[in-house]
Amino acid sequence: EMIYEKPLGWGSDGFTRNYMDFQAEYFENNDDEEAALLADNMRHPLNEYIYIAINYSVPVMIAVLLLLIMLVCYKLKENSNESHTFVLTATLLAIWMMFSYPLSQPLTWNIIYLSLLLFICNSTLRVSRTRIIKGIIILSASVLIFFICRNYTIRHQWEKAVELYHTQKQKTIAFAMFDKLKNIYGNDAEFLYSYATLLYNDKQYENALRVAEKCDSVSASYDLEILLANSYMFVGELDKAEKHYTQAYNMCPNRFVPLYKLFKIYKK
């Protein structure tokens, strides 16, 4: 339904921002007991082709498929151990992408770059052109590795801040670290949810709501709906709390917590 509604894509992280709202709408309007029992908080469709189509459009997904097929067909014409290795690697990746999210793993990108280097080094291109393409691949791989390492370093600081809050009870330092990282991760759904959760645990409900509402603009999830509803409960806005508990229940009808919290609201 998401692909049908926007075949040209929902944009980067479009699945994360919108899918759970679609799931909530489905269960609100359909009495599908079997599916309701299996419903969960989904952040990926467990299929990279669907994920690419939803985020970046159907034409991009088709282009990725065609590229894989063209590379495999080109290498099948050669009869060498290197070409067989490339074909098997590409085929494995194409199948893996149907049932999981390998493109979210750094190891997969390492394999892709090594396979591309293998492809270029053993192709029949002219030497000068081979060197240029090889240089481009090595340069882009180096840039990617730099950003992966940078991202890991920053995320380590974020995890350290959570640890300082929970295990070492150094709340002031933890919140100072989050405020500093906010300039970098201000639109990252995981960061915003983590920050809002810390504020909620610290009973800063108004601040938690501000951060959680910003997170709600870039993400949709069962956990976020519960956090929003709980925060609204504590500030006395029961109508808004009811709305978010109901949305959480529609997202995952097999969860008991939203129904119990709705009961408490109605009782109050």
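Helix H12 is largely enclosed by the rest of the structure, because eleven of its 13 residues are buried. Buried here means under 20% relative accessible area, with exposed over 50% and partly exposed in between (1.4 Å probe, protein chains only). Helices (H or I, at least four residues) and strands (E, at least two) are DSSP runs, numbered from the N terminus. The model is predicted: local features need pLDDT of at least 70, side-chain atom pairs count only at pLDDT 80 or more, and totals for chains, interfaces and linings use all residues. Residues are numbered from 1 along each chain as its sequence is written, and side-chain values use heavy atoms, with hydrogens and water left out.

H12 covers residues 222–234. From first C-alpha to last it reaches 19 Å, close to the 18 Å expected at 1.5 Å a residue; the expected span is 1.5 Å times one less than the number of residues. Its buried residues include Tyr-222, Leu-224, Glu-225, Asn-230 and Met-233. Their cover includes helices H10 (189–201), H11 (205–218), H13 (238–251) and H14 (257–267). Gly-236 follows H12 and has a positive phi, near 85°.

The largest nonpolar core holds 42 residues. Such a core is a set of buried Ala, Val, Leu, Ile, Met, Phe, Trp, Tyr and Cys residues joined through side-chain atoms within 4.5 Å. Phe-178, Phe-191, Tyr-195, Tyr-245 and Met-251 touch the most other members. Two or more residues each come from H2 (14–29), H8 (127–166), H9 (171–181), H10, H11, H12, H13 and H14. Apart from this core lies another, of twelve residues, among them Tyr-49, Val-72, Val-87 and Leu-93. Tyr-195 is in contact (heavy atoms within 4.5 Å) with Phe-175, Phe-178, Asp-179, Lys-182 and Val-211, not counting residues up to four places away in sequence.

The largest pocket has a volume of about 580 Å³. Of its 19 lining residues, Ser-12, Asp-13, Thr-16, Tyr-51 and Ser-104 are the closest to its centre. H4 (48–56) supplies at least two lining residues, as do H2 and H10. The largest share, five residues, comes from H4. A pocket is an open set of points on a 1 Å grid over the protein atoms alone where a 1.4 Å probe fits, with protein on both sides within 12 Å along at least five of seven lines; lining residues have an atom within 4 Å of a point.

The chain has 14 helices and zero strands. Buried residues make up 38% of its 268 residues.

Note on methods:
Points joined across faces, edges and corners; volume = space filled by probe spheres on them.
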